[in-house]
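Let's walk through this one together with a few questions and answers. Here is what we'll be looking at.

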Amino acid sequence: MTVQAIRLFGDPVLTTPAAPVVDFDKELRTLVKDLTETMLDAPGTGLAAPQIGVGLRVFTWHVENEPGHLVNPSLDLSDEEQDGEEGCLSIPDLAFPCKRAMRVVAKGWNMHGEPVEIEGSELLARCIQHETDHLDGVLFIDRLDREWRKKAMRAIRLSDWANEGTQPVVKVSPHATFGRAI
């Protein structure tokens, strides 16, 4: 298990849809462990594979002391919505109000290829939706209303991490393509 560098806003991997996982093997289990360790080290509530440069449909979460992961998720969302502040490890130190579904039922697989179904509300629902968006190449700021998105983009432009004048040092994950061009 290795803590990986987290890709920051502006990195093209964050806006590129991830490929479905087809091999439930040792490399996938290592990826899930790396995601979990990186998320906890950050610390964060969730982390998707594209955030460490891996273009696969995998994410982890750690909500209310409950860790988890999901591979190739599909979501059923409630009609009831929640409002709340949302942030992202790829957009450090910034949070903005973002509407999400109040409840979610997520279906997918675990790292061993066994089917799983996760039901969550409030923070867990928000986290699962946020991380699934990463897998679709969508950032939470893309979901903000026009006024808040404008404020978010201004805050990003003024942030220290976006103005360091150099690209962040990014470690390339050994799982970046699992031997396939993506």
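Ala, Val, Leu, Ile, Met, Phe, Trp, Tyr, Cys and Pro count as nonpolar, Asp, Glu, Lys and Arg as charged, and the others, Gly among them, as polar. This is a predicted model, where local features need pLDDT of at least 70, side-chain atom pairs count only at pLDDT 80 or more, and totals for chains, interfaces and linings use all residues. Residues are numbered from 1 along each chain as its sequence is written, and side-chain values use heavy atoms, leaving out hydrogens and water.

Q: How do the residues lining the largest pocket divide into nonpolar, polar and charged?
A: A pocket here is an open set of 1 Å grid points where a 1.4 Å probe fits, with protein on both sides within 12 Å along at least five of seven lines, and lining residues have an atom within 4 Å of a point. The lining has 15 residues, with Gly87 and His130 among those nearest the centre. They split into 4 nonpolar, 7 polar and 4 charged.

Q: Which element gives the most to that lining?
A: Helices (H or I, at least four residues) and strands (E, at least two) are DSSP runs, numbered from the N terminus. β5 (85–88) and α2 (122–135) each supply at least two lining residues. With 6 residues, the top contributor is α2.
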